[in-house]
Amino acid sequence: MISIRQRKGIKTTEVSEDYAVQEENVKLENKLPSSCTSGRLWKILSFTIGGTVALCIGLLTSVYLATLHENDLWFSNIKEVEREISFRTECGLYYSYYKQMLQAPTLMQGFRGLIYDNKTESMRTINLLQRMNIYQEVFLSILYRVLPIQKYLEPVYFYIYTLFGLQAIYVAALYVTSWLLSGTWLSGLLAAFWYVTNRIDTTRVEFTIPLRENWALPFFAIQIAAITYFLRPNLQPLSQRLTLLAIFISTFLFSLTWQFNQFMMLMQALVLFILDSLDMLPAVKVTWLYGIQLTGLLLVCILQFFNSMILGSLLISFNFSVLIARKLQKNLKTGSFLNRLGKLLLHLFVVLCLTLFLNNIIKKILNLKSDEHIFKFLKAKFGFGATRDFDANLYLCEEAFGLLPFNTFERLSDTLLFYAYIFVLSITVIAALAVAFHNLSDSTNQQSMGKVGKYTIGLKPETAYNLTHTILFGFLALSTMRMKYLWTSHMCVFASFGLCSPEIWELLLKLIHLYNPKRICIMRYSIPILILLYLCCKFWPGMMEELSELREFYDPDTVELMNWINSNTPRKAVFAGSMQLLAGVKLCTGRTLTNHPHYEDNSLRERTKAVYQIYAKRSPEDVHALLRSFGADYVILEDSICYERRHRRGCRLRDLLDVANGHMMDGPGENDPDLKLAGHPRFCEEIKRNLPPYTAYFTRVFQNKTFHVYKLSRNK
């Protein structure tokens, strides 16, 4: 409270003027409590409305996706075996462990069955909790056993509803991130609308429910929202501690639920490294984030029984290298522009060398080869030499690991998302370049400030982080289509933030000499509202029509195969075949497999290549010997692979096997000069002729339009 007192030794005129000013100050102060109260009430009201909208939009998205899944498969009406077959490829493998835990007599027996598993890979006992990221299935199975819901909810519904529930959290996290960046929940609403209207490019949860990324990405979105808040300046100590806890928990859960976590977090670490080097983030906060990444990943490593792939990850080597290099180069952020640029280049070189050195040492100590195929794939993908490696080519020939198709941008443009994203990206990149140049030029001035023309601009740390994040993940998505879901969801956040951000509009209007505070207010609210109206008018009828379309799961050949296996083969029988089909065999029948789709193990990759010789040009004796070496009793041949037409020549599975074996490929077209004609016909074709050399080793026991099952003789 301001008190008024009379000063000594001043003129009466001065006293009267001073008194008048002080009296006015008193009146203003008397008004302050009411204005502060109304402002506080407005903030509370806005927060309540925004939070309610976030909750509602998240739940509505979850219900929408669950309804699409139900309508597409008629999931509630089909048989249990059909429901399980609908979990294609590796999805079925992961779900099988949830089913296995529920079928175990006790939880301890269930745990023991996962730790000492001898049914996923024949003639081997493996620790599934070490090899795979299936703690979420374990947790759900425990919850289902403990909660009193068995009478009201089938296990499969408890599982899929959990995943769709996570989608609600995912959308809410995207909403909150956009809100934090822009300062208005209208931005979050627009981000959520864009996420839903671009569903084809933002999520695939409705048809790949158990996929690891559907578990992990909601936690990744929470982590980004928490980091965005953490990077705000002047946080209260309690708020900072709670935010760090939220970052740690979300980072840990993200790492625990997806085997590719280390690569995503490496991208995130690169974001921090770039911004820290350019003095655009507080160094102390960056150190905290590096530490959280390391701690979270090492804790997951412990839970996964010291998984060597985690210990040998580039992320751990990179983070340690950055922290060591920062200690060695203490005066990195001082000096003139050229001086600092030279120091930065040296810093980059030191970090790179240290990372490669540490990673190489760790891999040699651990004899680690689990991620070899990824680096072979990357080397071939980016043109560092052609390869005949079967595993690398298997990835290269899959559409999901190819470049992002151009029609993706056409779809994103149809909702105006791509246009808005490019608009916001262009402005923020200009601002970031100005700030980076200013920071490098004059390290004594305030950080995150720069100049464009005669205007001084600022870039908030949280904005700088999200800008660099979206650029790096954009490059990742452009190079590998499967990773687009990490980019497109953040694209919704970044575009909506920019359209609702007063800083973005202020910079733009100043650059074109139309700056006016009222104009900023009009632009940041009117344009998002107009886009929301456009999205509602254009896409609402289509969404309603989509929800009214009723289809049904139909795969009679696979159902017939699974029923036959259940009825006509011993429980301990071992099956060989394609990775994708065998995952379904394990889920639907519980039989033992020779190989499976979880490809992050070197010995499994070698085993898979050996089993796949059933589609190569090999003699029946060779194929029989290979399959029996893995204990196979039955082999399943698929016409869709043997006579494949989905891929072009050179990318069909039989072509990959031929090239890897040094044989010439089938059909018209060129072959490498060193490839030779095979000495035997293609096994999967020739076996169907029932010739004596084949019937001596293989007996056909089941056949339909799609599958042929042969029993292996036990003769050597």
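**Charged pairs and cysteines**

Guide: Start with Asp 672, which is partly exposed at 40% relative accessibility. Keep in mind that this is a predicted model.

Visitor: Which side chain meets Asp 672 in a salt bridge?

Guide: Arg 388 does, at 2.9 Å from N to O.

Visitor: How many salt bridges does the whole structure have?

Guide: The search finds 35. Another of them joins Lys 617 and Asp 666, at 2.8 Å from N to O. Lys 617 lies in the loop between α27 (602-611) and α28 (620-629), and Asp 666 in the loop between α30 and α31, so the pair ties together parts 49 residues apart in sequence.

Visitor: Lys 617, buried or exposed?

Guide: Lys 617 is buried, with a relative accessible area of 12%. Asp 666 is partly exposed, at 24%.

Visitor: What about Asp 622, which side chain does it meet?

Guide: Asp 622 meets Arg 618 in a salt bridge, at 3.8 Å from N to O. Asp 622 has 33% relative accessibility and is partly exposed. Arg 618 is partly exposed too, at 22%.

Visitor: Which residues are joined into one network?

Guide: Glu 121, Arg 124, Arg 131 and Asp 601. Salt bridges with shared partners join them.

Visitor: Switching to cysteines. How many disulfides are found?

Guide: The search finds 2. Cys 397 is joined to Cys 651, with 2.0 Å from S to S. Cys 397 is in the loop between α18 and α19 (407-414), while Cys 651 is in the loop between α29 (639-642) and α30. They are 254 residues apart. Both cysteines are buried.

Visitor: And which residues form the other disulfide?

Guide: Cys 642 and Cys 684, with their sulfur atoms 2.0 Å apart. Cys 642 lies in helix α29 and Cys 684 in helix α31, so this pair ties together parts 42 residues apart in sequence. Cys 642 is buried at 2%, and Cys 684 is buried at 0%.

Visitor: Left-handed or right-handed, the link of Cys 397 and Cys 651?

Guide: Left-handed, with -75° about the S-S bond. For Cys 642 and Cys 684 the torsion is about 80°, so that disulfide is right-handed.

Visitor: What pattern do the disulfides follow?

Guide: 1-3, 2-4, counting bonded cysteines along the chain.

Visitor: New topic. How many residues of helix α26 are buried?

Guide: 10 of its 11, so the helix (residues 579-589) is mostly covered. Among the buried ones are Met 579, Lys 586 and Cys 588. Gly 590 follows α26, with a positive phi near 75°.

Visitor: Last one. Which residues make the nonpolar surface patch?

Guide: Leu 238, Leu 242, Leu 245 and Ile 249, over about 390 Å². Ile 249 is in helix α11 (residues 237-257) and is partly exposed, at 41%.

Definitions and conventions: Residues numbered from 1 in each chain as written. Predicted model: local features only at pLDDT ≥ 70, side-chain atom pairs only at ≥ 80, totals over all residues. Heavy atoms only, no water. Patch = residues over 30% accessible without salt bridge, like charges linked within 9 Å, V, L, I, M, F, W, Y side chains within 5 Å. Areas by Shrake-Rupley, 256 points an atom, 1.4 Å probe, with all protein chains shown as cover. Salt bridge = Lys/Arg side-chain N within 4 Å of Asp/Glu carboxyl O. Helix = DSSP H or I, 4+ residues; strand = E, 2+ residues; numbered from the N terminus. Buried < 20%, exposed > 50% of the residue type's maximum accessible area, 1.4 Å probe, protein only. Disulfide = S-S within 2.5 Å.
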